[in-house]
Amino acid sequence: MVFSIILFAFSSTISQAQEIAINEVMASNNTAISDEDGDFSDWVELYNYGSTPVNLQGFGLSDDTAAPFKWVFPSLTLQPNAYLLVWASDKDRTIAGQPLHTNFKISSGGEAITITNPQGVLIDESPAVALDPDVSYRRQPYGTGSWFYFYTSTPNASNTGTGLTELLTPPVFSQQSGLYTSSFDLTISHSNPNAVIVYTTDGSEPLIDNLTSTDYNYKNVYPVDVGDPFGPMLTASYTSSLYTQAINVYDRSAEPDQVTIKNTNQDPIYIPENPVRKATIIKARAYVDGIPSKISTRTFFVWSSGNPYNIPVLSLQIQENLLFGYNEGIYTSGIDFDTWRAENPNNTQSYRPNWNNYWRRGRSAEYPVNLEIFESTGSELNSVLNQNAGLRIHGNNSRKRAIKNLRFYARSEYDDSSVFEHNLFQNTIPDAPVPNNNEFKRIMLRGDGSGGPVSYDVVFTRAMQPIFNGLTRIQPVIHFINGEYWGLNAV
């Protein structure tokens, strides 16, 4: 009789434990939710879909089926219809009542997560699937349903929204980035017949809710000297379009400029007498049931005379208001200068730091950009790097110059890769620890500098590289912003 009572209690515990489910998993958390340290760690969500509380003490959570108790829960009770978020951060924290952290992380390339009861019985397991950044894999309905991909996660909340049975891939272009000598029709397609494709040609992010365009303000005239007028507020816009037919790609060089007509400092603006050389830039993404894919980006140079350059070409695509917008733009004087002038109407020190938008620093002044590098090989321009990154203004006094120094940051929140991988430089540095390094976390694009044309820096640096250890490497490049020629720079 005693034996049968013990057996009954044991069976009841297992029965209750069977109602604990791995409900949602995120293996590449870039921006979805941060832990108590402010880190964007991987995470696993458990859910009690039963009607009885379950104490999880002694349960194991693991990313290795051969080691089911890789991380063990402390004494805590998961109530019916309640959620529990466990950070897969490798921080190993097991204090009940405080955020829980496993001693492992989850591979975004795909690995199963298991939960095992103290008796060694496997309670539940999430499938081993590859996950894109900020995409979760979760059950619907929660606790007992099938697994779906969700582009909006719901940590510690019910699993609502629309899930997909496969990851949403970006659209496919019929032509690759590069140089063409005649116009052509570009098609954009997607494997899902229900996908809606949205694209832009102005560097902005393709958004299905921006088909009627978004306006932003900018200025070209600022009160540099005491008594100068504040200048008129001007308006520009960026817009997205539905893809319904092939896009004709042609040489746009004769068309009016859109970027070079915007002032980048306080001085009177210089506008080229004739339209500058241009490329056609296209960003496209797919929407399925309102869920957006990643963005595909291409740059097409269509010049009948062929390649005019014998050095690399850099194409940047960025939403224009992030550079030139009066309030948010970091490549212009903007509201910061006008505010200073209004507060200091008789001050003549118009170049003092922090009195212009372009003096903004830090992550709050870092914006997403697509960076594409082309190597010039004879008559061709071959794309060798096409990557999303973060962009900031770089330098001190050089910030006030018309063509500014830029820094590019490779981060996983912008792209699959957290490094720029390409051999950017022709020369090596004597005694360098990694003389042939082709992986970079940051790239700096040098503009006019603070003392003269960038060509001075190139000549001096190239001359000194063979004899001076530690000198930075440098490579002159031609620079385009949103498809418009911007000048000669160096990386």
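Reader: What makes E320 count as buried?

Author: This is a predicted model, and the values are computed from it. E320 has a relative accessible area of 8%. Buried means under 20%, so E320 is buried.

Reader: How do you know that E320 forms a salt bridge with K262?

Author: The closest N and O atoms of E320 and K262 are 3.5 Å apart. The cut-off is within 4 Å, for a side-chain nitrogen of Lys or Arg and a carboxyl oxygen of Asp or Glu. The pair therefore counts as a salt bridge. E320 lies in the loop between β25 (313-317) and α2 (321-324), and K262 lies in the loop between β21 (247-249) and β22 (280-288), so the pair ties together parts that are 58 residues apart in sequence.

Reader: Is K262 buried or exposed?

Author: Buried: the relative accessibility of K262 is 5%, and the cut-off is under 20%.

Reader: Which salt bridges does E366 form with R363 and R411, and at what N to O distances?

Author: With R363 the distance is 3.6 Å, and with R411 it is 2.9 Å. Both values are within 4 Å, so both pairs count as salt bridges. E366 lies in the loop between α3 (334-343) and β26 (367-377), while R411 lies in the loop between β28 (405-409) and β29 (420-421), so this pair ties together parts that are 45 residues apart in sequence. R411 is buried, as is E366.

Reader: How many salt bridges does the structure hold?

Author: The structure holds 19.

Reader: What makes I208 partly exposed, and where is I208?

Author: Its relative accessibility is 38%, between 20% and 50%, so I208 counts as partly exposed. I208 sits in the loop between β17 (196-200) and β18 (214-218). With V196, L211 and L242, I208 forms a nonpolar surface patch of about 280 Å² accessible area together.

Reader: How do you know that β4 and β5 pair?

Author: 2 bridges join β4 (residues 60-62) to β5. Pairing needs at least two bridges, so these strands pair, and they run antiparallel. In β5, W71 is the bridge partner of L61.

How values were computed: Residues numbered from 1 in each chain as written. Predicted model: local features only at pLDDT ≥ 70, side-chain atom pairs only at ≥ 80, totals over all residues. Heavy atoms only, no water. Helix = DSSP H or I, 4+ residues; strand = E, 2+ residues; numbered from the N terminus. Patch = residues over 30% accessible without salt bridge, like charges linked within 9 Å, V, L, I, M, F, W, Y side chains within 5 Å. Areas by Shrake-Rupley, 256 points an atom, 1.4 Å probe, with all protein chains shown as cover. Buried < 20%, exposed > 50% of the residue type's maximum accessible area, 1.4 Å probe, protein only.
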